Amino acid sequence: MARAKEESPYKSTIAHGYLTLSLLPYMWDQIIEVNNIKMLVNYGMTDMRFGQPVITGSRVRLVTTLHSIQNLRGICKAEIKFKIEIEGQRKPALEGIAAFLYYFN
């Protein structure tokens, strides 16, 4: 921590970008609920970018919107636009579009 205060342009330690990315599944479970699914497949991500680092101790939150939804012969493909915002910051830490395939009972 002392070294980061001296040498880092952020004057503190920061969370690795992939640590921020790894928070997505946990936070999605807090806000997205889909019923009667047999299987969920992570299909991919597009337009993902890291806007700025998360300084250690910062509070973050996930904001999502449904970007698109398609019926692929009985399989639901949903694209969800997401942002991980940092409290008190204008630019998000991470944003992009995640695609999922939902197989229903």
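Predicted model: local features only at pLDDT ≥ 70, side-chain atom pairs only at ≥ 80, totals over all residues.
At a relative accessibility of 44%, R49 is classed as partly exposed.

In total, 4 salt bridges were counted. Another of them joins the side chains of R59 and E87, with an N to O distance of 3.3 Å. R59 is located in the loop between β3 and β4, and E87 in the loop between β5 and β6, so this pair ties together parts that are 28 residues apart in sequence. R59 and E87 are both exposed. A further salt bridge is formed by the side chains of R61 and E85, at 2.8 Å from N to O. This pair also connects distant parts of the chain, with R61 in strand β4 and E85 in strand β5, 24 residues apart. With a relative accessible area of 54%, R61 is exposed because the threshold for this class is over 50%. E85, at 23%, is partly exposed.

An open sheet is formed by 4 strands in the order β2-β6-β5-β4, with antiparallel pairing. Strands β2 (37–50) and β4 are at the edges and have a single partner strand each, so one side of each lacks a neighbour in the sheet. On average, neighbouring strands are turned by 20° against each other, direction ignored. Between β2 and the antiparallel strand β6 (residues 94–104), 10 bridges are found. L40 is positioned opposite Y102 in β6. Helix α3 (residues 24–31) lies across β2, β4, β5 (75–86) and β6, and runs at about 75° to β4.

The loop between β3 (54–55) and β4 (60–72) also contains T56. This residue is partly exposed, at 48% relative accessibility. Apart from neighbours within four places in sequence, T56 is in contact with T13, I14 and A15. The side chains of T56 and T13 are joined by a polar contact of 2.7 Å. By comparison, T56 and G44 are 12 residues apart along the chain, and their C-alpha atoms are separated by 28 Å.

Definitions and conventions
Residues numbered from 1 in each chain as written. Heavy atoms only, no water. Helix = DSSP H or I, 4+ residues; strand = E, 2+ residues; numbered from the N terminus. Buried < 20%, exposed > 50% of the residue type's maximum accessible area, 1.4 Å probe, protein only. Contact = heavy atoms within 4.5 Å. Polar contact = N/O pair within 3.5 Å; in protein donor to acceptor, adjacent residues only side chain to side chain. Pairing = 2+ DSSP bridges. Axes fitted to C-alpha atoms, helices over the stretch in contact; angles between N-to-C directions.
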